[in-house]
Amino acid sequence: MRIFVNGEERELDGTISVTELLERLALPARRVAVERNRSVLSRADWDTELLTEGDRIEIVHFVGGG
Amino acid sequence: MSDKFLLAGKEFSSRLIIGTGKYRNYEEMRAAHRASGAEMVTVAVNRVPLDGKTESFLDYLDPAMQILPNTAGCFDAEHAVRTARLAREALGTEWIKLEVIGDPITLLPDNEQTLGAAKVLVKEGFIVLPYFSDDLIMAKKLLDAGCPAVMPLAAPIGSGLGVQNPANLRIMREQLPDATIIVDAGVGVPSDAAIAMELGADAILMNTAIAEAGRPEQMAKAMKLAVEAGRLAYLSGRMPKRLYASASSPLAGAIK
């Protein structure tokens, strides 16, 4: 299955949830937010939300800014 | 004298809001934050790097600081709204500094897109603090849309040019006496901050003027003092300007 994460194309084996995607990418779950096809995902849904072919995922965190 | 800064129902002692960008390192940033006396800091929302090199920037902030996420880097209302929603989900805060930029050279705000995004976000329960160009009519529209404050620029972001628009800021203050006005962007040195406060701004938001100073901690303290001085001066009421002199010592009675 092919998805896009932060604009980068990724090949995934099998069907995985958002939580599993974060684990595979070795990203911390704390203080990040995830958007799927332009809709923000509630953290409560990360375990049950399964990714599908062509999904566009944005994962954001915080950096210095003004 | 108690002169608290009230913003969206929250009380602040400091009228200085500062950024977290451009510091040479986190230690320098923390020291500057402490010296500034600020109680609220801005942060930006950004894609996480996928190379596994993430560190939690927020851990370097004083936990007592209120975090104000921004929508920097957004060039239309839709991206700004999406960014605000992501920030709220990640931080659990309704507060957002709304910033919709019109072009990458000047980084001047797109007021029309900003207003559009503000309307959507206010309906969704956000506390929207909009950065915008110093236009009185747009300020009124943003307030009518439900923004608890407006944040006109004094000069382009990161320019350090100082207050380029004293007349517009004064008009905004006089025509909107009850509005909360936060001057955001353009301050370079403490005298700029003092001028903005003397013109009646309720608070000032700055980043580069402190972060890019040779000694950010010292500059942060200077900014704190300037904001306080400017505020006191505004509350004191300035003397009128005159074209000609007005003697301070009695002219009559001088020896001949």
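Two strands pair here if DSSP finds at least two bridges between them. Helices (H or I, at least four residues) and strands (E, at least two) are themselves DSSP runs, numbered from the N terminus.

## What you're looking at

This is a predicted model, where local features need pLDDT of at least 70, side-chain atom pairs count only at pLDDT 80 or more, and totals for chains, interfaces and linings use all residues. Residues are numbered from 1 along each chain as its sequence is written, while chains are lettered from A and ligands numbered from 1 in the order in which they are written.

The model scores ipTM 0.95 and pTM 0.93. pLDDT is the predictor's confidence in each residue, from 0 to 100. Chain B averages 96 on that scale, and 98% of its residues reach 70 or more.

## Chain A: overall build

Chain A has 1 helix and 5 strands, and along the sequence they come in the pattern β-β-α-β-β-β. Its C-alpha atoms fill a box of roughly 40 × 25 × 25 Å along the principal axes.

## Where the chains meet

Two residues are in contact if their C-beta atoms, placed from the backbone, lie within 7 Å. By that test, 25 residues of chain A are in contact with 30 residues of chain B. Strand 3 (33-36) and strand 5 (56-64) of chain A each supply at least two residues to the side that touches chain B, and strand 5 gives the most, with 7 residues. By class, this side of chain A has 12 nonpolar, 6 polar and 7 charged residues. (Ala, Val, Leu, Ile, Met, Phe, Trp, Tyr, Cys and Pro count as nonpolar, Asp, Glu, Lys and Arg as charged, and the others, Gly among them, as polar.)

Strand pairing crosses between the chains too: 5 bridges link strand 5 of chain A to strand 4 (residues 40-47) of chain B, and the two run antiparallel. Here the bridge partner of A:Phe62 is B:Val45.

## Inside chain B

B:Leu129 sits in strand 7 (residues 127-132) of chain B. It is buried because 28 other C-beta atoms lie within 10 Å. Leaving out residues up to four places away in sequence, B:Leu129 touches several others, including B:Ile96, B:Leu98, B:Cys147 and B:Ile182.

Helix 3 (residues 111-123) of chain B has 13 residues. Its buried residues, among them B:Leu115 and B:Leu121, pack against helix 2 (77-91), strand 6 (95-98), strand 7 and helix 4 (136-144) of chain B. After helix 3 comes B:Gly125, with a positive phi near 90°.

Note on methods:
Buried ≥ 20, exposed ≤ 12 C-beta atoms within 10 Å, placed from the backbone. Expected span 1.5 Å × (residues − 1).
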